[in-house]
Amino acid sequence: MRALKILFVTPEVEPFVKVGGLADMVGALPKELAKLGHDVRIVCPAYGSVKRVGEWRALETPLGVDVGPATQWARTWETVLPGTRVPAYFLENNDHFARPEVYTGPWGAHQDNDLRFAFLCRGALALCQQLDWIPDVIHGHDWTTGLLPVMLNTTLKDTPLGRTATIYTIHNLEHQGYSPSRVVEFARLPRGEFQRDGLEAGGMVNLMKAGLYHSTKLTTVSPTYAKEILTPDGGFGLDAALRFRAGDLVGIVNGIDDESWDPAHDRALPAHYSAADLHGKALCKAALQRHFHLEENPVVPLFGVVSRLASQKGLDLLAEALPAVMERMEIQLVLLGSGDVRLENTFQWAAQAYRGRCGTQIGFDGKLARLIQGGSDCFVMPSRSEPCGLTQMYAMRYGTLPIVRATGGLVDTVQNFEEGQPRGTGFVFHAATAGALADTLGWACATYYDRPQEFAGLQQRAMAQDFSWRHNAGQYVDLYRWAVEQRTGVYPA
Ligand code: ADP
Ligand code: GLC
């Protein structure tokens, strides 16, 4: 079958710029698609904070981007995804992308995000035109890319790009990108698109909704989340729009980059290990205990957390459960994260209150995230909602048993332990309550102390899971081909 030309347009991509798992997904899937022989490229903004990993070269010709009253300009930087030949282009523009933040900024409500990301969408398309490289498929990610398929369906419909199909991946329906209607004019879209069956929601432009209505095919990042978002409870106000498009919506579990996330080679770990020989994991645990000034005790169960501190992640449940848990159980807990200030304060307080048993680091630290995955015995993820979740998969690969709430991708990736049975890769609970979480922490703790062989069996099964993109990249390729057929009438055989 013929190779496809696939363009990823994205607000984040690992290892250049990362806020959460979207960056990991966009940094990993193209690698696998390239291995399958496809011509994949990536476009992302060159924020002030972008890490210039590898060789960067500026394209000679400035990029004219047709937005606003007069053409605006970008400088295009070209590099490759490390370890591949996948071109990654970064658009530099002082008005839109100079500041370091990806989504937030000094404008409180981030009031310029509509313009910034309309610029990204039109800029990515202008780059295709400039390079005379017309993709078969453009794969957009979350609300920041919602206007791109609208452009292809309207103003660019009669250009060669008008035949390009679009795939739109919902990574998180909670963030929809509301903006004033001015963005319609700024993006030079027909005014008529500002309507209920399209961009409009509650008198504003809803960029997520724009993507949902206008893309050829939709995906989300796990089958369970694909079902949840069709319901009023999980639809965040867009369930009706999603039900309207349900025939084109597919849930595909994210893969992980298992070369980068490999305890046998991870350079962030002080010692390496594998399922066959876990000695190195004990050394990682000791290093983690030292990092957080915990008692260096090899036989106390150490629970780790690496997370954005957002309500979605349910860490308020952990905060609420903490006093009882720390009092009743002989455990240690370490947390790395940032976000909600109240939660930051609570976990910092806990590190003081349970000195030597509890450690907190506020901030974003990719290396420490890996040490926590390697050095912990269990990984705590009590998410209220979790479209896919990558950290529970990293945990399992590192022999660290996930403790998760049964929601979204956590249902699809973690099998619950059944005592006395050779089954399970972690501990699962259902109610979003501090009590249910505390009980499950207790269950994991008791398994660690009282049934070490069963705990070891869980570890072996967790480490034997294959979460790589080798399995699921093919599902995306199938979808790309169907999308091309739907768009052009011709299956790209
Ligand atoms: P989400 O995208 O909702 O935050 P995921 O589990 O999909 O959740 O992905 C989170 C990614 O961000 C993982 O790679 C995780 O290691 C990383 N991460 C989250 N918080 C931090 C942090 N404070 N420091 C370093 N890495 C973090
Ligand atoms: C979002 C979701 C997370 C998912 C990630 C990558 O940030 O919150 O569950 O794993 O995107 O798709």
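Tutor: In this predicted model, strand E14 (residues 302-309) and strand E17 (residues 378-381) run parallel and are joined by 2 bridges.

Student: What makes E14 and E17 a pair?

Tutor: Pairing requires at least two bridges found by DSSP. E14 and E17 are joined by 2 bridges, so they count as paired. Glycine 304 stands opposite phenylalanine 379 in E17.

Student: Why are E16 and E19 said to stand at the edges of the sheet?

Tutor: The open sheet has 6 strands in the order E16-E15-E14-E17-E18-E19, with parallel pairing. E16 and strand E19 (427-429) each have a single partner strand, so one side of each is left without a neighbour in the sheet. Neighbouring strands of this sheet are turned by 15 degrees against each other on average, direction ignored.

Student: What connects E15 to E16, and why is the crossover called right-handed?

Tutor: Strand E15 (residues 332-339) pairs with strand E16 (residues 358-362) in the parallel sense over 5 bridges. The chain passes from E15 through helix H11 (residues 341-353) to E16 in a β-α-β crossover. This crossover is right-handed because, with the strands pointing away from the viewer, the path from the first strand over the helix to the second runs clockwise.

Student: How do you know that histidine 171 makes a polar contact with ligand 2?

Tutor: A polar contact needs a pair of N or O atoms within 3.5 Å. An N or O atom in the side chain of histidine 171 is 2.7 Å from an oxygen atom of ligand 2, so the pair qualifies. The protein covers 93% of the 310 Å² of accessible area that ligand 2 has on its own.

Technical notes: Residues numbered from 1 in each chain as written. Chains lettered and ligands numbered in written order. Predicted model: local features only at pLDDT ≥ 70, side-chain atom pairs only at ≥ 80, totals over all residues. Heavy atoms only, no water. Polar contact = N/O pair within 3.5 Å; in protein donor to acceptor, adjacent residues only side chain to side chain. Areas by Shrake-Rupley, 256 points an atom, 1.4 Å probe, with all protein chains shown as cover. Helix = DSSP H or I, 4+ residues; strand = E, 2+ residues; numbered from the N terminus. Axes fitted to C-alpha atoms, helices over the stretch in contact; angles between N-to-C directions.
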